[in-house]
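Reader: I am new to this structure and would like to learn how to read it. Please take me through it feature by feature.

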Amino acid sequence: MAKGMSLFNTLTRSVESLRPADDSRTLHIYSCGPTVYRYVHIGNLRTFLLSDLVVRAARYAGFDVYHVMNITDVGHLADEVFERGEDKILLAADSEGKSPAEIAHFYEAAFFEDIAAIGITKADLYPKASEHIPQMIQVIQKLLDRGHAYLSGGNVYFDVTTLPEYGKLSGNTLDALRAGHRGHSYDPNKRHPEDFLLWRKATPRRLVKFDSPWGEGFPGWHIECSAMSLHHLGERIDIHTGGQDLIFPHHEDEIAQTVGVTGKHVVKTWVHGAHLSMGGHKMAKSKFNDLRAVQICERGIDPLAFRYLCLTARYRKQLNFSWDALGAAARALTRLRDRFEEAASETSLNQESIDTCELSPMAVEYEARFTEAVWDDLDTPRALEIVHRMLEDANLDRSEKVSLALRWDRVLGIGLLHFAREKFQAAGEGHRQDITDSEIRSLISQRQAARERRDFQTADRIRNELESHGIQLTDTPKGTVWRTKKKL
């Protein structure tokens with residue numbers, strides 16, 4: 001049996017036991033969220049899935065969790081490494097003929113639809129960068145007051161030489177950075193080529209800009225996470241998650257800012273997920289190999305098969321996506337669901353008795369093995385293997401199989417809980433009322449009209465109504481696609 005949940009800490013380069021920074025049972029978790037200027041692709045979804053697994057596993061381990069994920073809707077330049085180019089959201093607004101606010105809102109809504117498609121639970125809070133400009137200005141002013149930042153050419157820069165440990169997270173050194181990192185983009189306003197922007201002076205054509213003590217401008221990408229995490233979680237963050245591509249410069253610069261303001265390391269454990277590749281290359285829009293979750297649906301494949309595929313690899317290992325691999329994952333998921341449904345169809349277990357079901361010594365051993373796998377730095381491949389083996393074991397009582405599978409699905413999120421809810425609801429209500437295709441299309445039209453007049457409360461109510469009938473919606477550039485959720 002595992003002694004406790006553990007995760008690989010990028011900062012210390014070791015697997016460490018997970019414990020809150022204080023004596024409470026509450027974990028504060030901060031995750032880097034989407035930049036809402038385009039659709040997220042399934043490579044992005046793998047990173048967001050990591051955050052979901054961390055949260056689910058922590059709750060399974062008995063922790064209370066407060067999870068914050070930011071929404072970047074301002075300040076993210078086209079080339080963040082060399083701090084040049086236009087703001088990505090402004091570029092999207094220009095190309096699509098919409099306002100920056102319309103672009104941000106549209107792709108934020110699409111983000112929530114895509115994470116829902118693969119079973120990612122929502123964070124407790126989604127703060128937006130544009131709504132936290134005062135907090136960013138406050139952090140920048142403190143960095144100026146403490147000698148970690150300077151004003152030059154209307155911009156505010158962080159002076160990395162004021163923190164000798166700069167580069168600890170990524171393994172970079174200032175000497176190595178001087179040899180190349182930001183030196184490729186010479187900025188005469190910088191004291192040192194390695195310094196980075198905290199606040200950038202707005203050009204006359206800049207559409208989105210804010211007042212500040214240093215003139216009209218907009219924040220650097222890195223400052224938003226420091227400001228929002230400190231504002232919403234305080235000077236104690238137990239886990240910070242993100243993709244490996246964020247280690248440098250984003251998270252390295254975030255550490256520098258936060259240490260500069262507080263005088264200490266605020267984040268205890270940094271957790272980073274590996275890339276999703278396709279055709280031997282990291283999935284990215286620039287590589288023309290990016291796919292959306294809706295494209296999986298359009299092929300008639302349950303998007304939870306993609307979640308299952310991700311679970312077949314450790315989160316720190318690069319995973320290669322192919323349609324053949326996704327098909328194999330879909331078949332394996334179907335086999336698992338069939339075994340679960342067979343057990344569930346012949347048991348009287350109800351929702352309330354899942355956690356109180358008395359387990360035999362053999363079932364207790366299975367639970368111990370699953371727990372050990374999950375707590376061992378999220379060993380999801382081993383956890384999936386245990387689920388299959390448990391459901392195939394003829395020596396286990398069916399009610400035990402159902403109880404164990406549903407407990408474990410709180411971590412894995414592969415749809416068993418959904419099937420169980422439908423079964424329990426059917427048992428309590430007799431049957432679920434059907435809805436015709438014409439009624440579905442009518443409701444979708446009403447929802448679209450509500451969205452166009454920005455009545456999002458009505459739009460959400462209609463979506464929830466359709467979901468109560470087992471209808472899942474996905475918004476695409478060509479319109480809203482709907483499908484009937486399969487009974488699992």
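Author: The chain has 16 helices and 17 strands; helices (H or I, at least four residues) and strands (E, at least two) are DSSP runs, numbered from the N terminus. This is a predicted model, in which local features need pLDDT of at least 70, side-chain atom pairs count only at pLDDT 80 or more, and totals for chains, interfaces and linings use all residues. Residues are numbered from 1 along each chain as its sequence is written, and side-chain values use heavy atoms, with hydrogens and water left out.

Reader: What percentage of the 488 residues count as buried?

Author: Buried means under 20% relative accessible area, exposed means over 50%, and partly exposed lies in between (1.4 Å probe, protein chains only). Of the 488 residues in the chain, 57% count as buried.

Reader: Which share of the contacts with a separation of 6 or more joins residues 24 or more positions apart?

Author: Contact means heavy atoms within 4.5 Å. Among contacts in the chain with a separation of 6 or more, 73% are accounted for by residues 24 or more positions apart.

Reader: How do I read a pair of helices, and at what angle do H10 and H13 cross?

Author: Axes are lines fitted to C-alpha atoms, for helices over the stretch in contact, and angles run from 0 to 180 degrees between N-to-C directions. Helix H10 (residues 323–344) and helix H13 (residues 398–412) have axes that come within 8 Å and cross at roughly 130 degrees. That makes H10 oblique to H13: angles under 35 degrees count as roughly parallel, over 145 as roughly antiparallel, 65 to 115 as roughly perpendicular and the rest as oblique. The crossing of H10 and H13 is also left-handed. A crossing is left-handed if the near helix is turned anticlockwise from the far one by less than a right angle, and right-handed if clockwise.

Reader: Which residues of H10 and H13 meet?

Author: From H10 come Phe340, Glu342, Ala343 and Ala344, and from H13 come Arg398, Lys401, Val402, Ala405 and Leu406. By class, the residues in the contact of H10 with H13 are six nonpolar, no polar and three charged. Here Ala, Val, Leu, Ile, Met, Phe, Trp, Tyr, Cys and Pro count as nonpolar, Asp, Glu, Lys and Arg as charged, and the others, Gly among them, as polar.

Reader: How do the axes of H4 and H7 cross?

Author: The axes of helix H4 (residues 133–145) and H7 come within 9 Å and cross at roughly 70 degrees. H4 is therefore roughly perpendicular to H7, and their crossing is left-handed. Val139, Lys142 and Leu143 of H4 make the contact with Gln257, Gly260 and Val261 of H7. The contact of H4 with H7 has three nonpolar, two polar and one charged residues.

Reader: What is the order of the three strands in the open sheet?

Author: Two strands pair if DSSP finds at least two bridges between them. The order in this open sheet is S14-S13-S15, and the pairing is mixed. Strand S14 (281–282) and strand S15 (319–321) are at the edges with a single partner strand each, so one side of each is left without a neighbour in the sheet. Strand S13 (residues 276–278) pairs with S15 in the parallel sense over three bridges. Ser277 stands opposite Asn320 in S15.

Reader: What is the general rule for phi and for peptide bonds?

Author: Most residues other than glycine have a negative phi, and most peptide bonds are trans. Arg13 is not a glycine, yet has a positive phi of about 60 degrees. Arg13 lies in the loop between strand S1 (6–9) and strand S2 (14–17), and is partly exposed at 45% relative accessibility. Asp377, also not a glycine, has a positive phi of about 55 degrees. Asp377 is in the loop between helix H11 (361–375) and H12, and is buried, with a relative accessible area of 2%. The peptide bond from Phe248 to Pro249 is cis, with omega near 5 degrees. Pro249 is in helix H7 (residues 247–262).

Reader: Where is Thr474 found, and what does Thr474 touch?

Author: Thr474 is in strand S16 (residues 471–476) and counts as buried at 8% relative accessibility. Leaving out residues up to four places away in sequence, Thr474 touches Glu113, Val294, Gly479, Thr480 and Val481.
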